[in-house]
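Thanks for coming. I will walk through one structure this morning, and I will keep it plain. Please have a look at it first.

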Amino acid sequence: MDLSAINPLLLLASLMVASTPILLAALGELVVERAGVLNLGVEGMMITGAACGIIFSTLTGNAWLGFAGAALGGLLLSFLFAVLTQILLSNQVATGLALTLFGLGLSALLGQSFAGARPPAFPKLDIPVLSDLPVLGQIAFRHDGMVYVGLLLVLAVWYFLTRTRAGLVLRAVGENHDAAHALGYPVVLIRFGAIMFGGACAGLGGAYISLVRVPQWTEGMTAGAGWIALAIVVFAGWKPLRLLLGAYLFGGVTVLQLNLQAAGLAIPVEYLSMSPYVATIVVLVILAAGRAPGSLGKTFHASR
Amino acid sequence: MKRRTLLKTGATAAFAAAIGAPLRAQDGPMKVGFVYVGPINDGGWTQHHHHSAMEMVEHFGDQIELVYQESVPEGPDAERVLTQMCLQGCSLIFTTSFGFMDPTVNVAAKFPDVMFEHATGYKTADNVSVYSARFYEGRAVQGKLAGHMTRSNRVGYIASVPIPEVVRGINAAFIHAREVNPDVEFKIIWIFEWLNPAKEADAAQALIEQGCDVVLQHTDSTAPHAAAQEAGDVYTFGQAADMAEFAPKPRISSIIDNWAPYYIDRVQAVMDGTWESVNTWQGIGDGMVGIGEISTAVPDDVKAEAEALRDSIAAGEYHPFTGPLNKQDGTQFLAEGEVADDGLLVGMNFYVEGIEGEVPS
């Protein structure tokens, strides 16, 4: 065993990259669930985003436009979910699961002619001064732009939910949609907005896998990341800052266990492989999970 | 006509149609089924099986009809797919991943008239053959190249699922890397999947960060190549497919699976009625394992040495597992000059001496 081979700086740096897809997708789902809607279609929206990201970036030659296309793809898919669950009042769990299956198939179809296509390079930022800081510069300030977009979004969502009136209204809709409706808030409209924000975020998360981490299109390439994002929302108690912790913890232990394997740690590989899941659950449970939004997953109709 | 007679006639006709359907299926082109574990455009394992299947279709033209199913999960779900193919009238079905072994054997017992061919497994039956390629021969060539090309003396290996085939590959590569470079060490990461681009990318990243400058993979996507390309001075090898889009660097060579001749053979055997359950295991010499062009990033003398190894394996003059070799714990595996027989190779579940870590059980 040679633990000295593990460079902690590089480990922390790759942690930020490995966590970004889950962070983005989970953040979107957090807002959706805070508005009282359970969308189990995260995986489907992620994979569609991954496919759309490849398509848009290869066609335009610009990675940022790829991400915009991915957000749009995820958003359109979530719009479908919103129409089905908010207007046609279908069951959210069943519709969400169907959305995942639909997304997997749709992305396979969309990506068919893009197999093996390589997206344009997505440059890492070189921030003057900050990137040159010893230690911290190497860990935190030499990543690509999406890593920071993810972090800024966490802050923005946190601020929105806890410090703004609009955020309060969104939470009210999620806690008790009948009361919010009685107060005159447009429950369905607010939920439409939240669902579409969630779809766009999931799309971005998927595109981060296909444009930055891999970078290539392969069918089913998100490989369950959407489900992990869903779980992290619950274990983070529907709180944005804990969600950041959860996502970084999961990404961190994932990267760490690969490093430990490579360093030849004398622990059976099976335990290392399950460690990211165990560690994330244990830590977030110890932090005491929050309470689910009161109207989560319930169908709302103004007449009831 | 009385109403009752009409009903009777109708029922008879329907019955005849029902039993007639499978009989009629025998008249048309012969149906050949393929069950794939991944999508047919994965760039690696499944793509090459499909490519070989298409070559086979081209060879036979209208005589056969190809039925295939992509991305079938390994496990009980595969039985459903296989049963479906049997009911559709397939006469020969190829299942192309290790994890389809038990489903194949189970379904084969229910349909004794359908022939099955399972890739990389070891369970046979009267109507189940197994076939595989001696990938370890290609691994030996890769190991030799890796031993020469590494400057840090650290070689990374992204391993997939802990089955003998994968362990054999690691051992073959390691033995030949050590042969040319006594200081070389292997860092092995198991990801427990055949295809998961994000995980493969992370694994490659972790290996590169720990100083590996050659990365071998037994997983199916090109993600490790992309990671190596970004890192700069890291060499990789194509797996299952040539992956030439990453040549000449990072990809310096590859193992290419060529199943087409075997597929053509076996379909022909069913047509001729000469099909028998066999256990086929072919290597470089028979053309089932191809070594992709060694790229210009490799010095000429190293390239020549690797090609000489390839040719001597192909000619049957040299076996990659030739003693003296010890197991990891120091006990003897092969005595001086002894060559491993297929029985030993098929069940290989241990590392050879010098590799650190444990084989996951």
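Let me start where the two chains meet. In this predicted model, 31 residues of chain A are in contact with 31 residues of chain B. On the side of chain A that touches chain B, the elements that give two or more residues are helix 1 (8-34), helix 9 (187-213), helix 11 (240-263) and helix 12 (269-286) of chain A. Which of these gives the most? That is helix 11 of chain A, with seven residues. As for the kinds of residue on this side of chain A, 17 are nonpolar, 11 are polar and three are charged.

Helix 4 of chain A runs over residues 92-111, which is 20 residues. From its first C-alpha to its last it reaches 27 Å, close to the 28 Å expected at 1.5 Å a residue. Which residues of this helix are buried? In helix 4 of chain A they are A:Q92, A:T95, A:G96, A:L99, A:T100, A:G103, A:S107, A:A108 and A:G111. Keep the spacing in that list in mind. An α-helix has 3.6 residues a turn, so residues three or four places apart point the same way. What covers the buried residues of helix 4 of chain A? The cover includes helix 2 (42-60) and helix 3 (63-87) of chain A.

Now to chain B. Its secondary structure comes to 11 helices and 14 strands. The C-alpha atoms of chain B fill a box of roughly 95 × 45 × 35 Å along the principal axes. Chain B has 361 residues, and 50% of them count as buried. If we take contacts in chain B between residues at least 6 apart in sequence, 65% join residues at least 24 apart.

Chain B is divided into two parts: domain 1 (3-133) and domain 2 (136-256 + 291-346). How far apart do the C-alpha centres of these domains lie? The figure for domain 1 and domain 2 of chain B is 34 Å. Where the two domains touch, 11 residues of domain 1 of chain B are in contact with 12 residues of domain 2 of chain B. The domain 1 side of that contact divides into four nonpolar residues, six polar and one charged.

Next, a sheet in chain B. This is an open sheet of six strands, in the order 7-6-8-9-10-12, with mixed pairing. At the edges are strand 7 (185-190) and strand 12 (289-292) of chain B, each of which pairs on one side only. From one strand to the next, the twist averages 15 degrees. Within the sheet, strand 8 (residues 214-217) and strand 9 (residues 235-240) of chain B pair in the parallel sense, over two bridges. One position to look at is B:V214, which stands opposite B:Y235 in strand 9 of chain B.

Last, a single residue. B:V35 is found in strand 1 (residues 30-35) of chain B. Why does B:V35 count as buried? It does so because it has 25 C-beta neighbours inside 10 Å, where the cut-off for buried is 20 or more. Leaving aside neighbours within four places in sequence, B:V35 is in contact with residues including B:Q69, B:V72, B:A78 and B:F100. B:H50 is 15 residues from B:V35 in sequence, and the two are 9.6 Å apart in space, C-alpha to C-alpha.

That is where I will stop.

How values were computed:
Residues are numbered from 1 along each chain as its sequence is written. Chains are lettered from A and ligands numbered from 1 in the order in which they are written. This is a predicted model: local features need pLDDT of at least 70, side-chain atom pairs count only at pLDDT 80 or more; totals for chains, interfaces and linings use all residues. Two strands pair if DSSP finds at least two bridges between them. Helices (H or I, at least four residues) and strands (E, at least two) are DSSP runs, numbered from the N terminus. Axes are lines fitted to C-alpha atoms, for helices over the stretch in contact, and angles run from 0 to 180 degrees between N-to-C directions. The expected span of a helix is 1.5 Å times one less than its number of residues. A residue is buried if 20 or more other C-beta atoms lie within 10 Å of its own, exposed if 12 or fewer, and partly exposed in between; C-beta atoms are placed from the backbone. Two residues are in contact if their C-beta atoms, placed from the backbone, lie within 7 Å. Ala, Val, Leu, Ile, Met, Phe, Trp, Tyr, Cys and Pro count as nonpolar, Asp, Glu, Lys and Arg as charged, and the others, Gly among them, as polar. Domain bounds come from an automatic or database domain assignment.
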